[in-house]
Amino acid sequence: MSKQPSQTIGTDESTRSSNSLLSVSDLCTYFQTDEGVVKAVDGVSFDVQSGETVAIVGESGSGKTVTSESITRLFKSPPGFIPEGSIEFDGEEVNDMTVEELRTLRGGRVSHIFQNPQGALNPVYTIGWQLREAIELHQEVTKKEANEKAIELLTQVGIPEASARLGDYPHQLSGGMKQRVMIAIALACEPDLLIADEPTTALDVTIQAQILKLLKSLQEERDMAILFITHDLGVVAEVADRVVVMYAGKVMERGPVMEIFETPSHPYTRALLECLPSKGNLGGIPGSLPSPIDPPDGCRFASRCVFAQDECLEGPQPPAYEAGTADHVVSCIHYEPGGNPDIVLKSDATVSALDVDQMGVGGENR
Amino acid sequence: MSVDTDPTTQSANVRKDADSVTFEDVNWDEIDGTARGFTRTRIAWYAIMGTYLLALLNDLFNRFAEGAYQRTVAFITDTSRYQVETPGFIPGAGPAEYPLVGEIGGVTWLWSLTLLVGVFYVAIPLYQNQRMTAYYWREFKKNKAAVISLIYLAIIFAIGLTVPRFMDPPEVEPVLAYQPPVWGSVRETVPIQCVGPVSGGECHGSWAHPFGTTHQGKDILISIVYGMEISMQVGLIGMFLTILIATTVGLTAAYFGGYVDEILFRYVDIQITFPTFFLYLLVVYLVGGSLFVMIIIFGVLGWGGIARIVRSEALQRREEEYIMAAKNAGAGGLWTMRRHLLPNVSNSVITAATLVIPGLILAEAALAFLGLGDPRLPSWGETIADGRSDLDRAWWISTIPGVFLFMTILAFNFLGDALRDALDPRQGGGE
Amino acid sequence: MKWYIFKRLLWAGVATMVVLTITFVLMYLTPDTRIMELEFQAAQSGTDPEQARQAAETARGMDQAFHIQYIDFMQNMLSFNWGWSDSRSEPVIDALASAIPYSMMYGVPAVIISTIIGIVIGLYSAVNQYTRGDYVATFVAFFGISIPNFWFAIILLVIFGTWLGWVDLLFDTQASKIDGEWALRAIVSWENVKQLILPMFVLMTASVASMMRYTRAEALEYVESDFIKTAKAKGVSERTIVAKHIFRPASIPIATILVGDILGIVFVGSYLIEVVFGIPGLGYLSFDAIMSQDTALVFGTVFVPVFVAIIGNLAQDIAYVILDPRIKYGDR
Ligand SMILES: Nc1ncnc2c1ncn2[C@@H]1O[C@H](COP(=O)(O)OP(=O)(O)OP(=O)(O)O)[C@@H](O)[C@H]1O
Ligand code: SF4
Ligand SMILES: [Mg+2]
């Protein structure tokens, strides 16, 4: 494992098949603010194949939501804009799409569900109205057909007595029920890709499990790809085929779920796994995210990394080096061709070994 | 299972930092000095308030000891400044004559109180807490319109406060009627006698009366300068009274709850339903429209909305632990309100109160325009009304004072908006 | 819901009674200037002023006990017997009835037009927050809120009347009538409309501005909300999002300001505007009454906006319950 052929590329095309359902390369999404340009997503690449589940993980503020919303350009614009990068959906460049084309894509082939079901439904319309709206936007149906379809969808997502609930307003439903309705809306037009941004975070644990089960069974029925965003590694292990680990607007590590859990290669991924409650470290990773406006040179994780070296503080973020298989890439200098990954892989040093004082610096002086 | 490490991101840190320097935290201790013993500011404050009260009592006693009715009228209409003899004025003890300032009327008493409170509760705390002031100033400075407004208002305030002290009020001088402003001209036949140069059958304005004169020959510039003080008095005294009543009522209701709350705010409900302008109109019509009466009416009838804000803000905080702790420690009701509830609501009150000022200035102008004000006072509304029947002959009489009125209201509106953004981040942004 | 509406109605009734009572007390306490006038006249002509006063008080029922006067007053008020206008020598109600159409003639269209314009600009501003269009709209709104409308009216009269001569300085009260009778044909005639354009414009500046500011603030609450994101993600078009997803929820609080603030602005605005333009509507009538110290008529003209405000408040609260599905007042 010590020396493997590696690629030093930003866009790392060779590791990715061109016939992916979704292919994101070098995506940057910035926000113009009074304080400066917030680089929320700063060069992110990954693919999603049809029918598979890809999970994006990372701590709060690392840019997961912005990444997912960039796919169909849902983020607020202005202030948001995409200065560079490409998003190809089914071979078509989304960035070049007209507003009209984008609208057909949204809710048609790519659907979203959001973190907080409480606010995601319009409070002044019945859920029937909101479902029918989604159906009628992308399909030629009569009102009656739309109604039937709405009932069918609600039944599919496990809402009992669906026909009686069509006239309910969102405030009459529980949080779990609302999320089911959201899923029904997302499924209304048989999407090829479902983007689920922390769909269970706002729900309590038993409901979380139910919603996850529901999503999995719906995915199997429909052969639909899911881009699953979460900061919960437990959920990742349950649902994902492949994982993208994000930190401060960059991808730190990307690979099949098994490899990520068995041989976590990036120091950040290792720290994340170390912080699972089962491992006993409840304090989290000391320090905090670097400024998204004026990110430091070198590796974004350097201020919190136990393996950081001088060269980690210079130049751009290290490119995506292969770690083991071609599908598993890591953005860390130790995986550079000729580098020694064992420094990381064989090390016992974990977050628990971090000197808090030393590490805290990055987080405090901002 | 969460891998969240530190949700406190950078921006949250900044905000937190900023939160810790707010208006309230800092200045209250220094002013009342409860925690630190007597500060110099506090001693000065008590000394000045003591002198003020003694002087006021002396004045009231002198007035009411004898010839009560006329003297009350004199107090209310504040005749001293305009040297108008109240008919049938009974000689007797008379209002007190003070060194330097002479006789003092009701408005002047209120005005000086307002200014004193302004100095001790706004200017000095801002000066003493430079860090906080600098922070607010940075926030405030972002709003260009507000900065210009502040400068404009400061000028109006300064002129209004000083110039009338050594300049005589506008005088009626019929021969000088209808002089055009310095940059304008008018048919020679309009003024009785043209002060400026006459050429081609046109009377041109002169620097003797830069803004021209009214049909009575009153100088408009002098009227406007006097109007500055009147508008500032209306706005600031009105705001002071409004804040005083609104916070008292709001805090009382919030602190005691129950029936006290119910009764007070049922009353507020009714008061708010009543369209304020017509209330002012009716009362001024019945009671008479001296400036003193108007200001009192504005103060006494317009506080409902702010009282609601105070109450809801205070209610949110009442349950908070430190109040509980204070209560348990045996603190009295008044003390708790003063020390704990009041500071916490002051930001939203300041914002709301600033936005009350333009309404009051406008109301005074409108009432004066309708002829309900004191005809002797050269307020802006009065001067606008003066020129109303002369629109075809002398357009400048109504228009020029209106420019000042408009700009002043606009400036206060901009200022209020900026204060809301600077002091009250929760409500900011959108509005 | 029924129970809530009932309670609300009851409260409106109480408010009315309170307002009337306060008015009565005010009237009772303040000296009647007409009686003072009579006394003065009596003194001048050598008769006993005291006698003259008593005679006048008896004639007006003012020698009665307080509570009898009070009950009389309340009965009269509630039966729309609002007294006699001395200056116009007709019942107050009649004077009001002949004035109100003049106010409505330009007030109603002004309210409708300014509501529509205000909402449209407000929504535009909210959706395009911090763009140049938004800044311009906001600045204009500040202008509209701040400009004293009686002064603005004067300026416009100076410009369009005195200087350009496009409109007459005097209002033609007969332009809206045919043979002394109100007629729609005359109201919409160019001659009549022409003289109403300026008053309507002035009246609309303030109400468009407040409507716009308020709509913007309310719409902004929703522009960034999650459900707008949901709608966007569904593929709903920008325009439909504004019309259905933002405006519909925002319309609930907007309806509130419509009856509350806008009505107030329009009443106050029209009062002063009528005085400037000489339109013989409610405001001018009131102004006249003040000038001629006709207390009964002053009260009558002030009651109209007060009662409209009370009813407006009632209507607004009820509209809230009906429009907002989230509010469910216990229907026990
Ligand atoms: N509209 C915006 N304007 C300015 N900055 C923004 C905007 N939206 C997001 N950001 C910034 O982008 C960064 C990434 O935010 P994002 O919401 O994508 O994080 P996240 O990984 O989804 O976090 P969480 O787990 O809390 O949802 C943050 O620093 C955030 O402040
Ligand atoms: S590049 Fe350096 S700082 Fe970044 S993760 Fe690797 S060792 Fe740590
Ligand atoms: Mg997120």
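Visitor: How far apart do the C-alpha centres of domain 1 of chain C and domain 2 of chain C lie?

Guide: In this predicted model, the two centres are 40 Å apart. Domain 1 of chain C is 33-81 and domain 2 is 93-323, bounds that come from an automatic or database domain assignment. As this is a predicted model, local features need pLDDT of at least 70, side-chain atom pairs count only at pLDDT 80 or more, and totals for chains, interfaces and linings use all residues, while side-chain values use heavy atoms, without hydrogens and water. Residues are numbered from 1 along each chain as its sequence is written, with chains lettered from A and ligands numbered from 1 in the order in which they are written.

Visitor: What makes an atom pair between ligand 1 and A:Gly61 a polar contact?

Guide: A polar contact is a pair of N or O atoms within 3.5 Å. An oxygen atom of ligand 1 lies 2.8 Å from a polar backbone atom of A:Gly61, so the pair counts as a polar contact. A polar backbone atom of A:Val66 is 2.9 Å from an oxygen atom of ligand 1. For A:Glu198, a side-chain N or O atom is 3.1 Å from an oxygen atom of ligand 1.

Visitor: Which of the 15 residues around ligand 1 come nearest?

Guide: They are A:Ser60, A:Gly61, A:Lys64, A:Thr65 and A:Val66. To be near, a residue needs a heavy atom within 4 Å of the molecule.

Visitor: How do the residues of the shell around ligand 2 divide into nonpolar, polar and charged?

Guide: Ten are nonpolar, two are polar and none is charged. Among the surrounding residues are A:Cys299, A:Ala302, A:Phe307 and A:Pro318, and Cys, Ala, Phe and Pro count as nonpolar.

Visitor: Which cavity is the space taken by ligand 2?

Guide: It is the second largest cavity. On a 1 Å grid over the protein atoms alone, a cavity is a set of points where a 1.4 Å probe fits but cannot get out. A molecule sits in a cavity if more than half of its atoms lie within 2 Å of its grid points.

Visitor: How much of residues 109-127 of chain B is helix?

Guide: The span is 100% helix and 0% strand, where a helix is a DSSP run (H or I) of at least four residues and a strand (E) one of at least two. An unreviewed UniProt entry includes 109-127 of chain B among its "transmembrane region" features.

Note on methods. On a 1 Å grid over the protein atoms alone, a cavity is a set of points where a 1.4 Å probe fits but cannot get out, and a pocket is an open set with protein on both sides within 12 Å along at least five of seven lines; lining residues have an atom within 4 Å of a point. UniProt positions are given in the numbering used here, feature names are shortened, and annotations may be inferred rather than shown by experiment. A polar contact is a pair of N or O atoms within 3.5 Å; within protein, one must be able to donate a hydrogen and the other to accept it, and residues adjacent in sequence count only if both atoms are side-chain atoms.
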